[in-house]
Amino acid sequence: MQWKSILVGLVVHRLTFSCLLWLAFGLGPSWGFNFPLNLHLNKLQLFNEDDGTSSSDNSWSQRIHGHGDAQSRTSCAKLGEENSPKKSSYLSLFEGDRDEYDRRYSSFPDTLKLKMKGMAKDMFFFGYDNYMKYAFPEDELNPIDCQGRGPDVLNPSNININDVLGNYSLTLIDTLDTLLVLGNVSEFHRAVKLVIDTVSFDKDSTVQVFEANIRILGSLISAHILLTDPKHPFGDVGLDDYDNELLHLAHDLAVRLLPAFENTSTGIPHPRVNLKSGVSPDSINETCTSGAGSLLVEFGILSRLIGDSTFEWVARRAVRALWNLRSNETGLLGNVVNIQTGQWVGMQSGLGAGMDSFYEYLLKSYILVDLCSVKVMCVSIMACRRESCNEGEGDPPLYVNVNMFNGQIMNTWIDSLQAFFPGLLVLNGDVEEAICMHAFYYAIWKRFGALPERYNWQLQAPDVLFYPLRPELVESTYLLYQATKNPFYLHVGMDILESLEKNAKVRYKSGL
């Protein structure tokens, strides 16, 4: 098995949720971070193809592809080219007589890279060290009162907290791979031993399956591979007495998440599960598309590491179930579905909250495992979005929120999560469109010093004023730099880093 390719793919995916680290990487390998990202990742045969993703001919698929899905699965590599709209080159943004642009953005000196490298590392360790000092073994640090925080046991309905915090030292686990990528091998080893010695998932905690998967399961798997990879992409960082304990913890957590996939008529999982008792009898039967469809990477790799196909199978079944519920007219999916009836409760189709990572996981699963049927799903949906959801013909293209059944605009706002899409376009080979979309989101950042959680594109003003340190724009910036090597994106990374240092740091106590 090509362990290095798995490692690279999984770490790239994991670090999507680490804004500080993406900022560091956005400033390039000359910083001293030897991170072996290659946009042309080797595909891995981790999953076996089946016929479960085929669909009947319908109006939208004929418009988009001009042929049936069975044929499209055999010509997967050409599918993206067939769906790419004809357009003028956005690369012209970086060409022509642009003296001011050249003066400001055509270079990024090594001295400035070193300065930003130090700033990014200091920012990370400011947060990490204060977590360890004031909050560990709680899940996270509340930087305002400088105390640790775990689940809100007095208010189980506080899902903003309880979906994420499970009384399992979340921050420590979530930063394992970051410590190593930043070069602190000794602290990485210490953190691994702390996780092995102190973390247990035998907790009476009800958590969201999606959050536990991306933050905890992904972190454990990633750190395990970093410790055991014989090719040592970050040097020989193995522990002599390591006996796959992190993998065992990951397996234990995944087993505790499996009840979410039981007693569901569609195969789409329940959104929440109690780590000790399973799904509550009064659990709701509604879940968002991203929550149910963003499990394939972690569950799939876990299955291959332990030799148990169960986890891969349930994750793929959930993706197929969502795929089969798309609209026959538009090819789009909604954002909230009933897991028992398969009826759409939320009919908004967009790129933001409730849907964003579904697209992300489709494409990244394809990149990691060469699963052509998943590629078909991703490119088909992206093509439908271009057809149904692009507001106007000018630049930049604006993918608005529409009704999944008729393509009519539902509202006039976008949310900050949508800034992931330029990066996804890069991974799909649509660099020119990614450049244009990224410029739109960065212009909003420049105006406000952050991305408003919700921005009204008609009024050109924020609808929701806060910014919860989302990393999506940072990841898109990093991927665009890797694809173009244009120093402009290093300047964007510096601007974001300085904005966070200025606006998000609690200076009189601790944390970010």
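Start with the rings: a search of the whole structure finds 16 aromatic pairs. Here, rings of Phe, Tyr and Trp (its six-membered ring) pair if their centres lie within 6.5 Å; planes under 30 degrees apart are stacked, over 60 edge-to-face, and the rest tilted. This is a predicted model, where local features need pLDDT of at least 70 and side-chain atom pairs count only at pLDDT 80 or more, while totals for chains, interfaces and linings use all residues. Residues are numbered from 1 along each chain as its sequence is written, and side-chain values use heavy atoms, with hydrogens and water left out.

**Stop 1: ring pairs**

Select Phe420 and Phe421. They form an edge-to-face pair, 5.8 Å centre to centre, with 75° between the planes. Phe420 has a relative accessible area of 6%, so it counts as buried. Phe421, at 2%, is buried too. Buried means under 20% relative accessible area, exposed over 50%, and partly exposed in between (1.4 Å probe, protein chains only).

Next, select Trp445 and Tyr467. This pair is also edge-to-face: 5.3 Å centre to centre, 85° between the planes. The pair links distant parts of the chain, 22 residues apart. Trp445 is in helix H20 (residues 431-448). Tyr467 is in the loop between strand E12 (461-464) and helix H21 (472-484). Helices (H or I, at least four residues) and strands (E, at least two) are DSSP runs, numbered from the N terminus. Both Trp445 and Tyr467 are buried.

**Stop 2: charges over rings**

Select Trp323 and Arg326. Arg326 lies over the face of Trp323, 3.8 Å from the ring centre. Then go to Trp413. Arg454 lies over its face, at 3.7 Å from the ring centre. A charge sits over a ring if NZ of Lys or CZ of Arg is within 6 Å of the ring centre and within 35 degrees of the ring normal.

**Stop 3: the cores**

Select Tyr168, Val195, Leu220, Leu246 and Phe299. Of the 67 residues in the largest nonpolar core, these touch the most other members. Helix H12 (residues 209-228) gives the largest share of this core, 12 residues. A nonpolar core is a set of buried Ala, Val, Leu, Ile, Met, Phe, Trp, Tyr and Cys residues joined through side-chain atoms within 4.5 Å.

Contact means heavy atoms within 4.5 Å. A second, separate core has 66 residues, among them Leu322, Val402, Leu425 and Tyr481.

**Stop 4: Val337**

Which strand holds Val337? Val337 is in strand E6 (residues 336-338). Val337 counts as buried because its relative accessibility is 0%. Now show Cys288. It is 49 residues from Val337 along the chain, yet their C-alpha atoms are separated by 6.3 Å. Beyond neighbours within four places in sequence, Val337 is in contact with residues including Ile268, Glu286, Leu322 and Trp344.

**Stop 5: cysteines**

Select Cys146: it is buried, at 16% relative accessible area. Cys436 is buried as well, at 6%.

**Last view: the whole protein**

Zoom out. The protein has 22 helices and 12 strands. Of its 512 residues, 59% count as buried.
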